[in-house]
Amino acid sequence: MDIGGTNIRAAVATGVTSFVDHVSLRTPAADGPDAVLDAVSDAVWAACPGGTPDGVAVGIPGPLDPDTGVVFAAPQLKGWTDVDAATRLAKLVGCHVVVHNDASLAGYAEWVAGAGKGARHMIFITASTGIGGGLVVNGELISGRAGTAGEIGHMPLGTDYPACAQGHAGCLEGTASGAAIARRAKEAIARGEKTVLAALDLALVDAAAVMRAAQAGDSVSCRLWHDAGRALGRAVGGLINLLSPEIVVIGGGLINAGELLFDPLRAGVGEIAFEVPTKQCRIVQAGLGTDAGLVGAVAWAVHSFGEG
Ligand SMILES: [Zn+2]
């Protein structure tokens, strides 16, 4: 199961990363934990019409304890504070349930079946509206005490960088996320900077519009993507110094910008990372696309409950 702010997706694992009977339901995100857990159990029954599954693994967008199944918070889901999700869901579906952070599971998927396959040390970053990540160290997915390990989006860049939506001064998400690119473009328009974006309806100024303008040579848009890529690269460079990974896998919608993102990203890495670990680390695009969250939940289910 992959619970998102918009959709709940379910699939039946048929192998380590293979699945069938993909079901998608709307997430009743505003209706509280009971409504969401009821919808999750509906999705389980829809995906498994033949009977009770051996176990259910659920990816959830928030900090949680994978050992106890308690979700500490889920910003996209109303009322989710200290929700005993695994135990409550287990009662609804009649089998064992495990939960894990959704970005960690997407990283796990890239490690088991995607661009990071076979690596012993991997950093996964998903860069879209927000920025998340997952860490594999010594062949193990790292959760940390609160299940938030790999929360790469909120690494500090420096106090001269903008704050993120959570109000952290100089935080990576304040510069390098899709939301930040859009916000900074609107700020540039408001300042009267010369950009083709000023001709657009303000509601249409998103990271994709800024990407298209940059590809057409708009200098403000190029600068915003350069800032985003460089900031992401400096964060990656710091992580290379800290963890010396074999591979850094970067996914999420922002990678659609290609070299517009990756050129300044690689330069940013070079500004701060030591040469020796950088030479032994590849920086690549993710291989599983938007399915990584669901593939990760499938792989985590097989990891937790066996192949049935
Ligand atoms: Zn932040």
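How many residues lie between β9 and β10 in the hairpin that they form? The hairpin has three residues between the two strands. The structure is a predicted model, in which local features need pLDDT of at least 70 and side-chain atom pairs count only at pLDDT 80 or more, while totals for chains, interfaces and linings use all residues. Residues are numbered from 1 along each chain as its sequence is written, and side-chain values use heavy atoms, with hydrogens and water left out.

The protein chain contains 10 helices and 13 strands; helices (H or I, at least four residues) and strands (E, at least two) are DSSP runs numbered from the N terminus. Along its principal axes, the C-alpha trace spans about 60 × 45 × 30 Å. Of the 308 residues, 51% are buried (buried, under 20% relative accessible area; exposed, over 50%; partly exposed, in between; 1.4 Å probe, protein chains only). The accessible surface comes to about 13500 Å², and carbon and sulfur atoms hold 53% of this area; areas were computed by the Shrake-Rupley method with a 1.4 Å probe, and for residues only the protein chains shown count as cover. Among contacts (heavy atoms within 4.5 Å) with a separation of 6 or more, 62% involve residues 24 or more positions apart.

Strand β9 (residues 122-127) pairs with two strands described here, where pairing requires that DSSP finds at least two bridges. With β10 (residues 131-137) the pairing is antiparallel and extends over six bridges. With β12 (residues 247-251) the pairing is parallel and extends over five bridges. Thr 126 has Gly 132 as its bridge partner in β10 and stands opposite Gly 251 in β12. Five of the six residues of β9 are buried.

Val 284 belongs to strand β13 (residues 282-285). This residue counts as buried because its relative accessible area is 18%. With residues up to four places away in sequence not counted, Val 284 touches Ala 115, Ile 247, Val 248, Val 249 and Ile 250. The C-alpha atoms of Val 284 and Ile 247 are separated by 7.4 Å, although the two residues are 37 residues apart along the chain.

An open sheet is formed by three strands in the order β5-β6-β7, with antiparallel pairing. Its edge strands are β5 (64-65) and β7 (81-83), each of which pairs on one side only. Strand β6 (residues 70-73) is joined to β7 by two bridges, and Ala 73 has Thr 81 as its bridge partner in β7.

The zinc ion has as protein donors His 154 (ND1), Cys 164 (SG), His 168 (ND1) and Cys 171 (SG), at 2.1 to 2.3 Å. Donors are N, O and S atoms within 2.8 Å of the metal (3.2 Å for Na, K and Ca); water is not among the atoms, so sites may look incomplete. Along the chain the donors follow the spacing H-x9-C-x3-H-x2-C. The arrangement is tetrahedral because the four donor atoms subtend angles of 99 to 129°, and four donors count as tetrahedral if all angles lie between 85 and 135 degrees. Cys 164 is buried, with a relative accessible area of 7%, whereas His 168 is partly exposed at 36%.

Methods. Four donors count as tetrahedral if all angles lie between 85 and 135 degrees; four count as square planar and six as octahedral if opposite donors are over 155 degrees apart and all others between 65 and 115; anything else is irregular.
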